[in-house]
Amino acid sequence: MTTTLQPPATPAASAPDGPPARTPRRVGFGSKLSAWDLKLSPYLYISPFFILFIVTGLFPILYTGVISFMDWDQIRGSGTFVGFDQYAYVLSQPAFWDALRNTFSIFVLSTVPQLLFAVFIAAMLDQNIRAKTLWRMGVLVPYVMAPVAVALIFSNMFGDQYGIVNTLLGRIGLPAVGWHSDTFASHIAIATMVNFRWTGYNTLILLAAMQAVPREYYEAATVDGAGKVRQFFSITLPSLKPTLIFVVITSTIGGLQIFDEPRMFDQGGTGGSNNQWLTISLYLYKLGWGEWNFGRAAALAWILFLIILVIGAVNLFISRSLVRDEGARDGLSRAQRRAASRAAKQRLAAESTGKGARS
Amino acid sequence: MKSRALRRVALAAAVASTSALVLAGCSGGGGAAAGSSDEEITLTVATFNDFGYTEELLNAYTAEHPNVKIVHNRAAKSNDARANYFQKLGKTGLADIEGIEVDWLPEVMKYSDLLAPVPDDLKSRWLDWKVKAATDSSGNLVGYGTDIGPEAICYRSDLFEAAGLPTEPADVAAALQGDWSKYFEMGDKYVAATGKPFFDSASSVYQGMINQVEAAYENPDSGEITATTNPEVKKIYTETLDASKTQSAHFEQWSTDWYAGMANGAFATLSCPGWMLTQIEGNAPEVSGWKIADVFPNGGGNWGGSYLTVPANGPHVAEAQALADWLTSPEQQVKFFQQAGTFPSQVDALKSADLLGAKNAYFSDAPIGEIFTNRANAVSVTPFKGQYYFQVNDAMSKALLRVDQGTQDAQTSWDQWVSQVDAIG
């Protein structure tokens, strides 16, 4: 059975002067589905991760929050409500403030030299050197080593009385440094371990960003008479800004949670006789698995979360002006695009009724 | 350009191997049916450091009980074993038999209802202070005692000779007979003659002294912390640090520097319980000068010692208890002593001829059976260790280390320790 589609009759009042006015085509259900598909499928594609995260990640985070308000017995899995006592306890401990100081100190000592080295090494690797791939893979080898193994070896090297480093210092005539007794020295030792591990990783990320800089810029600069160093500071570094921000953010996240290296720095793993290298994560582990007081450990975990939020906000504020909003192709924000499409629809509707009214 | 047929074959192969893996993973983990005693079972034993349980010695049990297979897991350090133990106590994941150390007992006693009690008829097997420490308030003994740590003094006879001090074990024992002031006097002589440290660290001397105090940190009746106001604690603290100024090698015990010190003569004496012997031998294999003197200031002291516990929710509690019974029987413990120096806590073992005749070749054929039996008999004080003992003692070791390393002076360190102890609990 065939049907013949007739275009719907134009309104009686209209006497067409020009070409007959086109009424909008009736949108079938199939078209609606495909419109939804276009709008919803990005969300559906990313949802499995978020569903899994909610179940395995978000729930424990919220449960930790619940425990932080209780005096919790982990072995029996029960506790009594104590309000903000655990938070008050943690904030009143000198160990917490020592841990905060140590964490930031180690973080600064490990991030700044690391980035400087990484930028420098990446610039070297970007040049036309021999056996490029070998060098580029070589810088990643420290990253592949197990952090605990690296920490054990380095702590041995930084031994107070029989470590290699002190022996070498003695040979040059410098006094032995108390790597395990002096606070700042212990931070330098731990930062060295962190730098050893992460410099190669950051180098490769920065190298990739450097290689994305168009070569024409360098050619133009050479024509204008700029030397290599001037080119580095005026072309390479500004182009690296977004990547540097990414690297700083990942270093921040890692640096605030540093655990492996301080834990393996000495036998006890409790951050030194006077909390010289106790970091926040290490203090959390001490509260939870040293004293078996999970209420306090949970409170500290949430305090750490708040600290990271603050730092993240600072990061965001600083980098807002430097990095464009991702995902927009034409430079408009989401609200602006919506407004533009609404205006276009209104115009279309006005045009069609206008045309209809005219005829 | 892959042909469609090839792609289909590859897809089929992928599906087949994936499903094979999934099926293999889902099946297996065979249900342990509680069957008769002829049922094939596997018992896991978890220890740390060196209890002396070798493959060979454990096979003797398997020979008598062919249906039992023993799997022995050893943690490198007792701290790791402790973290694992309390993480899983009351839940799944612990071995059928778990070794615990006497330092954890106060915390273990809080959860004694989660452990299978030792049958009453076995209680007389062990020294009474060993049994008392592991008995909870309802009278259940929850640990099978393995070893104890009676201390003697290990010394470097070659370094003593260079300092003009007596070198034969008997002479050294005679010279050190008495209390701690005699020990420090000899230390002064040694330092004056050689200019090198006499003992390894302030905390090792301190722990020898504090373990001879009846109730150092807590009130046995109320459980309250009395450490900061106990004059004995302050006295021992001051004495230790006064001597440590010149006589201590300033090491942190169990650090790599400390191990190296055993080999290169950084200190001349060390408080030696039975289990320390393998430590010295292992870390200073080339050194021939280490000897053992049958003496300890104030007679004797106990450092360490372990128990075997059987978690009550395990799949084979009865069989595990039978194995624990065998492992801690006097005859077996003597064999483990000969293997690893873990001195028996069983009363009958202390009378055995095998034990009394044991010698250690590394320590110049020292009669270790005799020495440690004498030292064990000389232990007169069983220190009370309540639930805060571990934390208070830990803070004290740190306080001593701070002064030993030169980070703080004795008074500031003491004040910091007092404020830390006040925050406990």
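How many residues does the contact take from chain B, and how many from chain A? I looked this up and found 21 residues from chain B and 17 residues from chain A, two residues being in contact if their C-beta atoms, placed from the backbone, lie within 7 Å.

I noted that this is a predicted model, in which local features need pLDDT of at least 70 and side-chain atom pairs count only at pLDDT 80 or more, while totals for chains, interfaces and linings use all residues. Residues are numbered from 1 along each chain as its sequence is written, with chains lettered from A and ligands numbered from 1 in the order in which they are written.

**Domains.** I then turned to chain B, which is divided into domain 1 (41–149 + 304–356) and domain 2 (150–303 + 374–422), with bounds from an automatic or database domain assignment. Their C-alpha centres lie 28 Å apart, and 18 residues of domain 1 are in contact with 16 residues of domain 2. On the domain 1 side, helix H4 (105–110), S4 and S8 of chain B give two or more residues, and H4(B) has the largest share with 4 residues.

**Core.** I looked next at the largest nonpolar core, of 105 residues, where Ile97(B), Ala152(B), Ile153(B), Cys154(B) and Ile292(B) touch the most other members. Such a core is a set of buried Ala, Val, Leu, Ile, Met, Phe, Trp, Tyr and Cys residues joined through C-beta atoms within 7 Å, buried meaning that 20 or more other C-beta atoms lie within 10 Å of a residue's own. Helix H17 (residues 389–405) of chain B gives the most to this core, with 7 residues.

**Sheet.** I traced an open sheet of 6 strands in chain B, in the order S2-S1-S3-S8-S4-S9 and with mixed pairing, where two strands pair if DSSP finds at least two bridges between them. Strand S2 (68–75) and strand S9 (343–344) of chain B stand at the edges with a single partner strand each, so one side of each is left without a neighbour in the sheet. Strand S1 (residues 41–48) of chain B pairs with S2(B) in the parallel sense over 8 bridges, and Thr47(B) has Arg74(B) in S2(B) as its bridge partner.

How values were computed:
Buried ≥ 20, exposed ≤ 12 C-beta atoms within 10 Å, placed from the backbone.
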